Amino acid sequence: MEQVNQEQDFNTLMQRRHEELKELIAKGIQPFAYNFDVDSYSLNIKNNYDQYENKTVKIAGRIMAIRRMGKASFAHIQDNLGKIQIYLKKDEIGDYYDIFKLLDIGDIIGVEGFVFKTKTGEISVHAKSFLLLAKSIRPIPIAKEAVDEEGNKIVYDQFADKELRYRQRYLDLIVNPHVKDVFLLRSKIVTEIRKYLDENGIVEVETPILQPLYGGATARPFVTHHNTLDIDLYLRIADELYLKRLIVGGFDGVYEISKDFRNEGMDRTHNPEFTMLELYVAYKDYFWMMEFVENMISKLCNNVFGTTEFEIEGNIVNFKPPWKRISMVDELKNQAGIDVLSASNEELKKFLKSKHIEITGGESKGKLIDLLFEATIQPNLVQPTFVIDYPVELSPLAKKHRSREGLVERFEGFVLGREICNAFSELNDPIDQRYRFEDQSKMREEGDEEAHQIDEDFLRALEYGMPPTAGLGVGIDRLVMLLTNQSSIRDVIFFPQMRPQK
């Protein structure tokens, strides 16, 4: 019954706003203007009142509160940088004061007036004129505040439903302006990454999103069809194989910040469409790349946040170099009690079952090792840590370890149990690469849908010769989650993937 009443109230409000719209048009008011010459913003005015006092300004924004008092009215408008109060007096704006009576919370207006302080000391704009820029015909939910008998602030009628906020991000940004702060920080983080890479002489490039073969990672792809060519194409799961072709072609360093797509499960750290940084630098190895990564992230932390130390989910995390480094196989032997290099598949399966780690039975040895690591070691990696030297079965594109049999030169960076980056001394031996691809092909035949395909063109490129190369992938979304203390990847993606509403 309460829901029915809410729907009736909403429909009544919608109807009233449509009636106001008709009345505005009848009065000759254009309810959807073409432009307004903004020259000032709320935050700048508030932070620099001495410079703005009695100065005429032009501001624009969305009405978020109205208080009418006969021949005078107050309103708060929200612009790109925050909120500011405006004051309107009927004697000064004449007939337009009657127009203001037809405006609602949510309407967007432009105001010209001078800056002053009210008797209560609030910095405001005394309107000399205003212009309706866009009439809001759908009511927006506005959070209301009350104080209980014990002095506690209570917020109600808030647009707080998480799923609805993700579906209607535009409304989320209007009603919860703090959400915008996260995305502004995201933009600054990406800008700092790009600046760091550019300053180090690494060239930004673009590679295909639609690919005839997918590769560069272990994941299931999204498939589409090109009508003219009459072929299936795949949305890229990684940029790696194309970027390494450019290293073959003579670039010493390339990077791309791009959207990748993986047809996999969704949870608080996974979205099927996500942003990755991938970079490749010739004549370097994974030791060099570890220092490069920790320096890049610590520098962006200082430049964006002014510190390398953060409180994240109740933990104090410090990104200051050097980060801790541990060997995957050594840590599994010490912490889990099994030598994964010498263990057979059956021994690994038996061990995982004894630890109550769920398996389907068709996993490769590399997958079994990965599952064991995820269950026993990864959750305990709180401080920034490089896990190095992975079993060869886990890394078909990484170079064999120069001193340890059965391993490759690879590292992943973890913070609070989450992977934020992945890097290799890249495999540049075309013969070894072919053997690895063929092993992956056998794994596909045995049911591993995420195993690599054989990419003959990439093998051909390697046969022309690729210099020693260090490669890196950084999950931008996960890095932003950590640095802004967000618990879900959906909170750092403007429009996360959602199941369609019925």
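What share of the contacts in the protein with a separation of 6 or more is accounted for by residues 24 or more positions apart? Such residues account for 64% of those contacts, where contact means heavy atoms within 4.5 Å.

The structure is a predicted model, in which local features need pLDDT of at least 70 and side-chain atom pairs count only at pLDDT 80 or more, while totals for chains, interfaces and linings use all residues. Residues are numbered from 1 along each chain as its sequence is written, and side-chain values use heavy atoms, with hydrogens and water left out.

**Overall picture**

The secondary structure comes to 16 helices and 20 strands; helices (H or I, at least four residues) and strands (E, at least two) are DSSP runs, numbered from the N terminus. Along its principal axes, the C-alpha trace of the protein spans about 85 × 60 × 55 Å. Of the 502 residues in the protein, 48% are buried, a term that means under 20% relative accessible area, with exposed meaning over 50% and partly exposed lying in between (1.4 Å probe, protein chains only).

**Two helix pairs**

Two packed helices are described by the angle between their axes and the distance between the axes. Here the axes are lines fitted to C-alpha atoms, for helices over the stretch in contact, and angles run from 0 to 180 degrees between N-to-C directions.

| Helix pair | Angle | Axis distance |
|---|---|---|
| Helix 14 (residues 430–445) and helix 15 (residues 456–463) | about 160° | 9 Å |
| Helix 11 (residues 328–336) and helix 13 (residues 365–376) | about 60° | 11 Å |

With axes at about 160°, helix 14 is roughly antiparallel to helix 15, whereas helix 11 and helix 13 are oblique to each other. Angles under 35 degrees count as roughly parallel, over 145 as roughly antiparallel, 65 to 115 as roughly perpendicular and the rest as oblique.

The crossing of helix 14 and helix 15 is right-handed, and that of helix 11 and helix 13 is left-handed; a crossing is left-handed if the near helix is turned anticlockwise from the far one by less than a right angle, and right-handed if clockwise. In the latter pair, Met328, Leu332 and Ala336 of helix 11 make the contact with Ile369, Leu372, Phe373 and Thr376 of helix 13. By class, this contact of helix 11 with helix 13 has six nonpolar, one polar and no charged residues, where Ala, Val, Leu, Ile, Met, Phe, Trp, Tyr, Cys and Pro count as nonpolar, Asp, Glu, Lys and Arg as charged, and the others, Gly among them, as polar.

In the other pair, Pro430, Gln433, Arg434 and Phe437 of helix 14 meet Glu456, Phe458, Leu459, Leu462 and Glu463 of helix 15. The residues of this contact of helix 14 with helix 15 divide into five nonpolar, one polar and three charged.

Leu277 lies in strand 13 (residues 273–282) and counts as buried, at 0% relative accessibility. Leaving aside neighbours within four places in sequence, the contacts of Leu277 include Ile193, Tyr255, Met296 and Leu472.

Leu352, found in helix 12 (residues 345–354), also counts as buried, at 0% relative accessibility. With neighbours within four places in sequence again left aside, Leu352 is in contact with Ile357, Ile359, Leu368, Leu371 and Leu372.

Arg410 lies in strand 18 (residues 407–415) and, at 8% relative accessibility, counts as buried. A polar atom of the Arg410 side chain lies 3.2 Å from the backbone oxygen of Leu394.

Technical notes:
A polar contact is a pair of N or O atoms within 3.5 Å; within protein, one must be able to donate a hydrogen and the other to accept it, and residues adjacent in sequence count only if both atoms are side-chain atoms.
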